[in-house]
Amino acid sequence: MRDALGQRGEAIFTVLMTEFHSHAGPIFKPQFLGDKWQYIDFIVELVGAGKSVPYFFVQVKTTREGYTKKHNRLKVKVRQENVIGLASYPAPTYIVGIDEIQEVGYMVSANGESLKSLSSLSTQFQIIRQNRELLWQEVDDFWSRYHTNQLVSKFADQDWR
């Protein structure tokens with residue numbers, strides 16, 4: 001049951017992130033990384049960002065337990081170790097909670113704002129068109145600060161340049 005629930009949540013996440021935003025298609029390209037990664041379930045690339053390919057990492061948690069009564073938060077659990085591990089990547093990272101019954105998802109940043117465990121997830125940022133567009137811009141803004149072609153590598157092939 002647990003594997004099936006997790007697999008359904010990952011599939012729902014992929015569907016939510018690949019909804020079409022125009023006739024050109026989705027604005028994200030998620031790729032499941034497999035079960036071998038300790039903290040990350042997906043790498044998600046931005047589509048249409050230009051010469052670079054900005055990306056972010058996601059851990060997906062799926063539940064059928066519903067929401068808290070007091071604050072309407074999705075009942076998912078993320079251990080502190082996983083939050084710290086996810087936040088240790090020098091890239092935008094997010095935790096996604098999937099309500100498997102309603103087939104909706106919510107996203108929160110895991111970039112070191114809080115490094116505590118999580119017993120429920122905010123429903124403020126549902127994965128809908130408006131928030132996908134905000135996310136796309138946030139990740140693009142993050143990576144636009146870096147000039148990836150300025151790395152001076154010790155492994156450069158001088159005949160290749």
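This is a predicted model: local features need pLDDT of at least 70, side-chain atom pairs count only at pLDDT 80 or more; totals for chains, interfaces and linings use all residues.
Which residues does T62 touch, not counting residues up to four places away in sequence? The views below get there step by step.

View 1. Residues are numbered from 1 along each chain as its sequence is written, and side-chain values use heavy atoms, leaving out hydrogens and water. Strand β3 covers residues 55-63, and seven of its nine residues are buried, so the rest of the structure largely encloses it. Buried means under 20% relative accessible area, with a 1.4 Å probe and protein chains only. Strands are DSSP runs of E, at least two residues, and helices are runs of H or I, at least four, numbered from the N terminus.

**View 2. The strands paired with β3.** Strand β2 (residues 42-46) runs antiparallel to β3, joined by four bridges; pairing takes at least two DSSP bridges. Here E45 sits opposite Y55. With strand β4 (residues 93-99), β3 runs parallel through seven bridges, and T63 faces D99.

**View 3. Helix α2 between the strands.** The buried residues of α2 (residues 80-87) are N82, V83, G85, L86 and A87. Among what covers them are β3 and β4.

**View 4. A close look at T62.** T62 lies in strand β3 and counts as buried because its relative accessibility is 19%. Back to the opening question: T62 touches L5, G6, G9, E10, I98 and E100, not counting residues up to four places away in sequence. Contact means heavy atoms within 4.5 Å.

Terms used:
Buried means under 20% relative accessible area, exposed over 50%, partly exposed in between (1.4 Å probe, protein chains only).
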